[in-house]
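Please open the structure in a viewer and keep the selection panel at hand.

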Amino acid sequence: MSQDSTTPSTPEQITEKRDLHSLTRGELMELLAELGQPKFRAKQVEEWVWVKNAQSFDEMTNLPKSLREELAERVTLGGISELTRQVSVDGSRKYLLSLSDGASVECVGMPSRAKLSVCASTQAGCPMGCAFCATGAAGLTRSLTAAEIYEQVMHVRDDFNTRVTSVVLMGQGEPFLNYDATLAALRRLNSSEGAGIGARHLTVSTCGLIPQIMRFANEPEQFTLAVSLHSAVQRTRNILMPGVRKYSLINLYNAMGEYVNKTGRRPTYEYALISGVNDTESELQALCDFCEGTLAHVNLIQLNEVEGSKFRPSTDLRAEDFVRRLASVGIEATIRNSRGSDIDAACGQLRQRIAKQS
Ligand code: SAH
Ligand code: SF4
């Protein structure tokens, strides 16, 4: 049944209102033209949406009141709301955010001196099934839109009321299974008509999807790449990261060589130290062999213990052995201090706990 434009809105039509964040510049111009507005309004509206992160049309004080009301009738404004938060003794704040359809994601703000880093999610859940990861255990709910990735960062910015200096996409989800939205979010975070964060301070972390790594190498911006390695022994990596079995270590090694040749940028390998699993002598030797002669930097992380998992973190002494041995083959490694370890910092843990409570 077709409806003419004078038919009053039904409840279904009201729920189908589009979010202002999802409109392209062209669509916004069209909408404003329909409402009889001059062209410069588009820039004003975009500034409220992307730079000021307005939460209501009423905040848009340089727009006529009548326009604000018309916009409110035609479109919605963002769909993220905070469900709960945890605050760490180190100042980190972890948020559980609800999206417009009720799916939820986590993000974290980590302040240090004049800096504020944000860890954001790219999917609600994750289908990759890594054995040590709380997010992996729950499976995938859905991929996020570019705006939903972006809005997490702005939520943290506004909560700390300070500029965000870096973003890592290391929350829930595999960014390269949601490539286009991830790139669009990175571009908006980078843009002066967005968050204005330098490309080098925007990091994507992937479990190692090779076709997308190659695609990423060809993007014009200088975004930073981190690859979750966790073992340089194929058998162990297959157990820890069954979702990337088909991308063998040798192919990953070659792809990363090409990435470095193309971009000249230094990639990071993430390595969560798990006692007796990937911290043994032979694992350390394999890691040294994998990295030697490359530009890579290694980030060693003490495993965050996940409820119900048999995996335990290594000792601090063992982590220091890794740093020394990697240094002996010319590879710089850092032990990343686990921020907010008192607040379910491992990805997926807060969501898991809340799900259990409800
Ligand atoms: N899916 C992407 C990005 C999100 S996970 C990826 O896997 O890279 C972000 C980082 O947290 C990854 O390096 C991941 O391996 C790591 N991680 C997951 N669970 C962890 C845990 N329990 N302890 C320490 N690091 C963990
Ligand atoms: Fe997904 Fe990354 Fe967790 Fe693996 S470590 S299950 S890829 S979020």
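The stops that follow go from the whole chain to single residues.

**Before starting.** This is a predicted model, in which local features need pLDDT of at least 70, side-chain atom pairs count only at pLDDT 80 or more, and totals for chains, interfaces and linings use all residues. Residues are numbered from 1 along each chain as its sequence is written, chains are lettered from A and ligands numbered from 1 in the order in which they are written, and side-chain values use heavy atoms, with hydrogens and water left out.

**Stop 1: the whole protein.** Colour the model by pLDDT, the predictor's confidence in each residue, from 0 to 100. The mean for the protein is 91, and 90% of its residues reach 70 or more. Select residues 1-7, where the pLDDT is below 50 and the model has 2 contacts beyond near neighbours in sequence; contact means heavy atoms within 4.5 Å. Then select residues 347-358: pLDDT stays under 50 there too, with 38 contacts beyond four places in sequence.

Switch to a cartoon view to see 13 helices and 14 strands. Helices (H or I, at least four residues) and strands (E, at least two) are DSSP runs, numbered from the N terminus. Of the 358 residues, 51% are buried, where buried means under 20% relative accessible area, exposed over 50%, and partly exposed in between (1.4 Å probe, protein chains only).

**Stop 2: the nonpolar core.** Select Leu20, Met60, Leu71, Phe132, Val167, Phe216 and Leu252, the residues with the most contacts inside the largest nonpolar core, which has 101 residues. Such a core is a set of buried Ala, Val, Leu, Ile, Met, Phe, Trp, Tyr and Cys residues joined through side-chain atoms within 4.5 Å. Helix H6 (residues 146-160) gives the largest share of this core, 7 residues. Domain 1 (11-76) and domain 2 (81-357) each supply at least three residues; these bounds come from an automatic or database domain assignment.

Now centre on Met60. Beyond its neighbours within four places in sequence, Met60 is in contact with Leu20, Trp48, Val49, Ala54, Arg68 and Leu77.

Stop 3: Is helix H3 (residues 41-51) largely enclosed or open? Helix H3 is largely enclosed by the rest of the structure, because 8 of its 11 residues are buried. Select Arg41, Ala42, Gln44, Val45, Glu46, Trp48, Val49 and Trp50 to display the buried residues. Their cover includes helix H2 (25-34), helix H4 (65-74), H6 and helix H7 (179-190).

Move on to Asn53, in the loop between H3 and H4. Asn53 has a positive phi, near 55°, in a residue other than glycine. Most residues other than glycine have a negative phi. Asn53 counts as buried, at 5% relative accessibility.

**Stop 4: Arg113.** Select the loop between strand E5 (104-112) and strand E6 (115-119), where Arg113 is found. Arg113 also has a positive phi, of about 40°, although it is not a glycine. With a relative accessible area of 89%, Arg113 is exposed.

**Stop 5: Lys262.** Lys262 lies in helix H10 (residues 249-263) and counts as partly exposed, at 48% relative accessibility. Which residues does Lys262 contact, leaving aside its neighbours within four places in sequence? They are Ala217 and Asn218. The C-alpha atoms of Lys262 and Ala217 are separated by 6.5 Å, although the two are 45 residues apart along the chain.
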